[in-house]
Every structure is written in structure tokens, then in C-alpha cells.
Amino acid sequence: MNTVHALEAVMKSVGILGAGATGRLVADLLVKRGHHVTLVSRSGRFPRGGYESAVADVRDSAQLSRVLSGSAQGAGGCDIVVNAVNPASYTAWQRDWPPMAEGIAEACRQLGAGLVTVGNLYAYGRVNTPMTEDQPVAANGAKGTVRAAMWEQALEQHRSGATPAVEVRASDYFGATAGPGVSLLMDYVLRPVAQGKTAWVPVGSLDAAHSWTYLPDIARLVADLVDSDQAGRRWGRVWHVPTAEARSMREVSDDVARLAEREPARIRRVPSPIMAAARVHPLVRALDETRHQFELPWIVDSTAAQSEFGWGPTNWQCALRETLAD
């Protein structure tokens, strides 16, 4: 195992873009670690004790850099920007992501700030082995291609010395702070089973092994990177968030029923004729690109991050228990 680097005890000014489940968790954790944090969103409606909130359109680099410069403590400006945003429409990533990514990148250049991006695994496309950080990019759709291009551009800027960059990649996530509509596992398995209802899953095999990443573990890895030296070996590369051993949706439903002290879980696939009729909706058709992730084994290898940062994923049973307790 590599020697674990001691975290720098230096207060930094951090701008977090996106007030979703990940952004808010990262903000809370960074405040606890002594950093000055500004949470930027389209609405600015998530003020919390300990950090500032601000409104900005990330496509507008001038506005974004102005907001982050004005909120930063001291004359040094914003040290790090965390990109935890997502386009409002899941069906239009190829239209919406490029101007957002460019606005964020340009703001970082103007601020002289490093960029930490919270990404996903779409760029790997269809795989038949556990995914490591050196997995070749082989996106099989528009959304994966967009995310891969975003990282390549950020990496090019890092290598040129313009903007330090690093990306963390998580599998489909779950956790108490995940609101409706953002987590397949939460919406279609955890919530119904915990309520004693039948879980109706719209896509995938109920018995395919799948990696599920716990939201607090994403926040912890992001915070560790914020604490790290931007010129060091932890930056300029991709890290997979420490993630527990893969479990099928059927296994997860059984775990939840047991922890919730419910009757044995009932989990079913939505009948094919119903899903076929639902394809009139663009969102259902947009799931075609990632369907393979749920039909076949989809397994994350996070050995590199666990070795480098010196910690493993939250215990699976503890993570489920904490999620159900909310």
C-alpha cells in the first residue's frame, strides 16, 4: 500500500457548483475541515450555516468568476472550483453540457483556480470486466461522449499548466440526501421496499451484479482532493470513488427489507409491453444508452483510490441503515 499523504492543514476558498445531493454534502464536509465555501446554483436557495450561497449561470464565465471572486476570503481569490452540476434535462446533455463545461473552465482560468469534477462511468461504454481508472474510453452514446470530451479538455488544460484538474467518478449513487428522480436505486428499490411495497424496476436484470456508490463517500473523496496539493500526483488524473462490493437489485431489496424489518422483499420488472408503450417519452428512450449498465455486470474497481487515500467505502450495511434512517 502507498504511504498515505497527510492532508494539508491550509484553509482554502472553494466554490461548489451545484446544490444537489453531492454539492451540499461536499459543502458541509469542507466547512467542517475549515475551508471557506460558496455554494453556487441557479436558484441560490440552499443557504446553510457555515457556508455562503450564490446565484450564477455556469455558462456565463464572467458572472461565475465574479461571484466566486467576490465571495472568496482574502486577496488570493477562489482556490478550487468543484463541478457538481448536471444539466436540467437528461435528454439534452449533448446540447447543454458543452457551454456549461466551457463556462466553468474559463472561470477557472480567470480565477487561477483548480477544477475538481464529479463525473460518472458513462465514458467506458460497454464493458465485461471490472472498471479501473485506466479503462479505455469507449462511449457508446452521446452522453458518454460528452463526459469523455469534458475530461479530455480538462486534462489538456492541466498538462499545459493552465488549470489544475482532477476528476472523481462514481457509479449510480444512493444516500439519504438523494432527492426523487436522481437515483434509480433510491426511487425504484430502496423507497418502495422500505415502505413494504412491491419494487417495480423499469430497466435491467434484477440479478446482475452492480456497483452502488454511497453519496458521503463521493463527498469524502472530493474533500480529500481539495485538501491535496494541486501540483502533486493526486491531480491530473481520474479516481474512482471507493465503492462497496457489487450487489444485484434483488440482493439490495432483500437487504433493505431485512433492515427495515419488513416482510420479504417483492421486486419485479415492469412488464415489457408497458415499457414499450412508455417509449413515446424522450426520457425513457434516453435510457437506451445506459441500459447495458443494468442488464450486465457493472462493477467498479476502486482499489487505486483506497490505496492512495487510505480508506475504503462505508460499510454496506451501515450505509443502507443510515439511508433508511432519514
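Here is a short exchange about aromatic pairs and salt bridges in a predicted model. Residues are numbered from 1 along each chain as its sequence is written, and side-chain values use heavy atoms, leaving out hydrogens and water. Because the model is predicted, local features need pLDDT of at least 70 and side-chain atom pairs count only at pLDDT 80 or more, while totals for chains, interfaces and linings use all residues.

Trainee: How many aromatic pairs does a search of the whole structure find?

Mentor: Rings of Phe, Tyr and Trp (its six-membered ring) pair if their centres lie within 6.5 Å; planes under 30 degrees apart count as stacked, over 60 as edge-to-face and the rest as tilted. With that rule, the search of the whole structure gives a count of six.

Trainee: What is the angle between the planes of Phe174 and Trp316?

Mentor: Happy to go through that one! The two rings form an edge-to-face aromatic pair, 5.4 Å centre to centre, and the angle between the planes is 65 degrees.

Trainee: How many residues apart are Phe174 and Trp316?

Mentor: Helices (H or I, at least four residues) and strands (E, at least two) are DSSP runs, numbered from the N terminus. Phe174 is in strand S7 (residues 173-174) and Trp316 in helix H12 (residues 316-325), so the pair links distant parts of the chain, and the separation is 142 residues.

Trainee: Is Phe174 buried or exposed?

Mentor: Buried means under 20% relative accessible area, exposed over 50%, partly exposed in between (1.4 Å probe, protein chains only). Phe174 has a relative accessible area of 1%, so Phe174 is buried.

Trainee: Which residue forms a salt bridge with Arg33?

Mentor: A salt bridge is a side-chain nitrogen of Lys or Arg within 4 Å of a carboxyl oxygen of Asp or Glu. For Arg33, the closest N and O atoms are 2.8 Å apart, and the partner is Asp224.

Trainee: Is Asp224 buried or exposed?

Mentor: Arg33, at 29% relative accessibility, counts as partly exposed. Asp224 is at 3% relative accessibility, so Asp224 counts as buried.

Trainee: Which helix holds both Arg191 and Asp187?

Mentor: Their side chains meet in a salt bridge (2.7 Å, N to O). Arg191 and Asp187 are four residues apart, about one turn of the helix, and both lie in helix H5 (residues 184-194).
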